[in-house]
Amino acid sequence: MREFAVDESDAASALEAALDAQAPAAENETPGDEAPADAADETEEAEEAEVDPYEEFRAELRSLPGKWYVVHSYAGFEKRVKQNIENRRVSMTMEDYIFQVEVPMEDVVEIKNGQRKLVTRVRIPSYVLVRMDLNEDSWSVVRHTPGVTGFVGNAHNPTPLRFEEAFNMLKSLVQVVEAPAKGGAKGGKAVQRSIPQEVDFEIGETITIKEGSFAGLPGSISEIKPESGKLTVLVSLFERETPVELSFDQVTKL
């Protein structure tokens with residue numbers, strides 16, 4: 001038998017060549033395998049970023065059982081009536097018919113004598129919203145709750161709110177994320193929260209300017225801009241009325 005001598009250096013070179021030939025194929029496969037996962041992650045992030053909290057709430061509200069009815073209560077007793085209905089719902093085992101009781105609230109900036117104050121108040125005074133399946137028993141439990149003076153509409157066969165009416169009354173329950181400051185981190189889509197202002201001023205009202213170049217002078221309000229917290233005041237200078245723009249806290253009522 002003949003023996004063949006194998007040069008180890010030649011064998012090593014052949015092995016390296018084989019590995020080099022396989023490497024490009026492996027490198028080409030890697031991006032292809034990872035791309036779908038990366039694309040899926042980006043898609044999920046985009047979907048999360050585009051979520052509208054009000055649309056989420058609308059969909060959730062539409063899926064809930066029962067219909068929304070409005071009951072009338074004594075002014076200032078809305079929260080107590082809500083608690084009373086919830087207590088009677090449990091004590092009279094009506095959980096399968098009376099599902100939810102709400103007193104919609106809202107944050108309002110009140111401006112009095114130039115001072116701003118954030119207050120939370122009942123959005124619809126003297127009314128309480130109840131989500132329920134209406135029948136004789138559930139009607140009786142709600143109607144005879146202390147503080148309830150009756151259902152809105154037909155007293156014995158009330159008409160439920162239309163969906164859009166219920167949504168508009170209840171959307172203040174949505175927890176809205178404050179919009180990020182300019183230059184802040186990019187990410188989820190934020191919804192700017194708008195807080196209405198109640199202004200304790202009237203067009204034509206006479207006020208006194210308490211700050212600035214015209215401090216101490218009286219003036220007449222010609223325009224009110226609640227969104228910017230500004231007033232246009234007519235000030236008498238040299239026997240002529242001159243419009244001056246002032247912030248709410250720069251004036252005081254007479």
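The legends below describe several close-up views of a predicted model.

The model is predicted, so that local features need pLDDT of at least 70 and side-chain atom pairs count only at pLDDT 80 or more, whereas totals for chains, interfaces and linings use all residues. Residues are numbered from 1 along each chain as its sequence is written, and side-chain values use heavy atoms, with hydrogens and water left out.

**View 1. The protein chain as a whole.**
The protein chain contains five helices and twelve strands, where helices (H or I, at least four residues) and strands (E, at least two) are DSSP runs numbered from the N terminus. Of its 254 residues, 26% count as buried; buried means under 20% relative accessible area, exposed over 50%, and partly exposed in between, with a 1.4 Å probe and protein chains only. Among contacts in the protein chain with a separation of 6 or more, 61% are between residues 24 or more positions apart, a contact being heavy atoms within 4.5 Å.

**View 2. The packing of helix α2 on helix α5.**
Helix α2 (residues 53-63) and helix α5 (residues 163-170) pack with their axes 11 Å apart and at an angle of about 130 degrees; axes are lines fitted to C-alpha atoms, for helices over the stretch in contact, and angles run from 0 to 180 degrees between N-to-C directions. That angle makes α2 oblique to α5, given that angles under 35 degrees count as roughly parallel, over 145 as roughly antiparallel, 65 to 115 as roughly perpendicular and the rest as oblique. The crossing of α2 past α5 is right-handed, a crossing being left-handed if the near helix is turned anticlockwise from the far one by less than a right angle, and right-handed if clockwise. Y54, F57, R58, L61 and R62 of α2 make the contact with F163, E164, A166, F167 and L170 of α5. By class, this contact of α2 with α5 has seven nonpolar, no polar and three charged residues, where Ala, Val, Leu, Ile, Met, Phe, Trp, Tyr, Cys and Pro count as nonpolar, Asp, Glu, Lys and Arg as charged, and the others, Gly among them, as polar.

**View 3. The buried face of helix α5.**
In α5 the buried residues are A166, F167 and L170. Seen down the axis of α5, these residues fall within an arc of 100 degrees, so they line one face of the helix; the arc is that of the directions from the helix axis to the C-beta atoms. They pack against α2, β1 (67-73), β2 (98-102) and β5 (127-132).

**View 4. The two ends of strand β1, seen at W68 and S73.**
W68 lies in strand β1 and is buried, with a relative accessible area of 6%. Not counting residues up to four places away in sequence, W68 touches L61, Q100, E102, L129, V130, R131, P160, L161, A166 and L170. The C-alpha atoms of W68 and L134 are separated by 9.6 Å, although the two residues are 66 residues apart along the chain. S73, also found in strand β1, is buried with a relative accessible area of 1%, and its contacts, leaving aside neighbours within four places in sequence, are E78, V81, S126, Y127, V128, G147 and T149.

G150, in strand β6 (residues 148-151), counts as buried at 10% relative accessibility. Eleven residues separate G150 and W139 in sequence, and their C-alpha atoms are 10.0 Å apart in space. Leaving aside neighbours within four places in sequence, G150 is in contact with V71, H72 and R143.

T93 lies in the loop between α3 (78-91) and β2, and its phi is near 50 degrees, a positive value in a residue other than glycine. S126 lies in the loop between β4 (115-122) and β5, with phi near 75 degrees, again a positive value in a residue other than glycine. T93 is exposed, with a relative accessible area of 60%, whereas S126 counts as buried at 14% relative accessibility.
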